[in-house]
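Look at the fold, then take the questions in turn.

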Amino acid sequence: MLEERKKILVLFAHPSQERSEVNKLLYKASLEHSDVTAIDLYREYPTFHINIDKEQQRLLEHQVIIFLFPLHWYSTPAILKQWQDLVLEYGFAYGTDGTALKGKTFFCATTAGGSEKAYQGDGYNHFTIRELLYPIEQTANLSGMRYLAPFVLFSSRNASEEGRIPGHIDAFNTLLTSLAANTLDLSQAASLPVLNQAHMQQTAQASQTR
C-alpha cells in the first residue's frame with residue numbers, strides 16, 4: 001500500500017524582492033508543485049497584521065513546513081519572527097495542550113552572502129548556519145516537530161554570475177518532490193550540517209542503481 005503524499009507549506013519572506021536573485025526563484029519554483037502551498041508573507045501581510053487563525057489552519061493542513069528566506073543578520077527577516085511570535089502560541093504549538101504541530105517536518109531554506117568556509121567555527125562568522133539557526137531548531141523541538149538541516153546556498157551574491165542558481169533550484173525541486181512522496185531519509189536529513197548533502201547523496205545513490 002502506497003503511503004499518502006505529504007502536503008508542504010512554504011512560508012516565503014523577503015523584504016526586498018526586487019533585489020532577490022535566488023529566494024524569489026525558489027518561491028516561484030515551489031508554486032509549480034501540486035503538493036505545495038507557497039505563501040508570500042510580505043505580500044499577504046504588508047502591515048504585519050497576521051491572521052493567526054488562518055495561519056494556524058494552514059499549519060494543521062500540511063505535514064511539512066518550510067521557512068524560505070535570505071539570512072539577515074544571522075536570523076530571519078522581521079515578518080517571520082512576527083509570524084512565530086503570534087502563530088506559534090501557547091496551547092497550539094506548545095504547552096500542556098499545544099500538540100498541533102507534533103510529528104510534522106520542518107526546516108529552513110535560506111541563502112547566505114558569505115562562503116561556506118565563512119560559516120564555520122574558525123571562519124569569519126564563527127558559527128555554522130545550523131548553529132545560528134538554533135533558536136528555530138529549538139522552537140521545532142518544543143513544538144514536537146522533526147527538524148531537518150537547513151537547505152542553504154552559500155556565496156549567494158556571486159551565484160548568478162557563477163551559474164550556480166539553476167542547479168540550486170533543481171536541487172530544491174528534487175527535495176520538494178521527495179518530501180511530498182515521503183522518499184527522503186528524514187533521519188539522515190536531520191543529522192546533516194546542510195540539507196543539500198542529502199540531495200547529493202540521494203542523487204548519487206540513484207545513479208548507481210541505474
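The questions below cover the cavity, the salt bridges, a surface patch and the backbone.

This is a predicted model, in which local features need pLDDT of at least 70, side-chain atom pairs count only at pLDDT 80 or more, and totals for chains, interfaces and linings use all residues. Residues are numbered from 1 along each chain as its sequence is written, and side-chain values use heavy atoms, with hydrogens and water left out.

Q: What is the volume of the largest cavity?
A: A cavity is a set of points on a 1 Å grid over the protein atoms alone, where a 1.4 Å probe fits but cannot get out. Points are joined across faces, edges and corners, and the volume is the space filled by probe spheres set on them. The count comes to 1 cavity of 30 Å³ or more. The largest cavity has a volume of about 60 Å³.

Q: How many charged residues are in the lining of the largest cavity?
A: Lining residues have an atom within 4 Å of a point; here they include W83, Q84, F106, T139 and M145. Asp, Glu, Lys and Arg count as charged; Ala, Val, Leu, Ile, Met, Phe, Trp, Tyr, Cys and Pro count as nonpolar; the others, Gly among them, are polar. The lining has 9 nonpolar residues, 2 polar residues and no charged residues.

Q: Which elements each supply at least two residues of that lining?
A: Helices (H or I, at least four residues) and strands (E, at least two) are DSSP runs, numbered from the N terminus. Those that each supply at least two lining residues are β3 (64-70), α4 (78-87) and α6.

Q: Which helix holds both D85 and K81?
A: Their side chains meet in a salt bridge, 2.6 Å from N to O. The rule is a side-chain nitrogen of Lys or Arg within 4 Å of a carboxyl oxygen of Asp or Glu. D85 and K81 are 4 residues apart, about one turn of the helix, and both lie in α4.

Q: Are R130 and E137 buried or exposed?
A: The side chains of R130 and E137 form a salt bridge at 3.1 Å, N to O. Buried means under 20% relative accessible area, exposed over 50%, and partly exposed in between (1.4 Å probe, protein chains only). R130 and E137 are both buried.

Q: What is the accessible area of the nonpolar patch of Y90, Y94 and L142?
A: Patch residues have over 30% relative accessible area and no salt bridge; nonpolar side chains (Val, Leu, Ile, Met, Phe, Trp, Tyr) are joined within 5 Å, like charges within 9 Å. L142 lies in α6 (residues 134-143) and is exposed at 52%. Areas come from the Shrake-Rupley method with a 1.4 Å probe, and for residues only the protein chains shown count as cover. Together the three have about 340 Å².

Q: What is the phi of F48?
A: F48 sits in the loop between α2 (41-44) and α3 (52-60). F48 is partly exposed, at 26%. Its phi is positive in a residue other than glycine, near 70°.

Notes: On a 1 Å grid over the protein atoms alone, a cavity is a set of points where a 1.4 Å probe fits but cannot get out, and a pocket is an open set with protein on both sides within 12 Å along at least five of seven lines; lining residues have an atom within 4 Å of a point.
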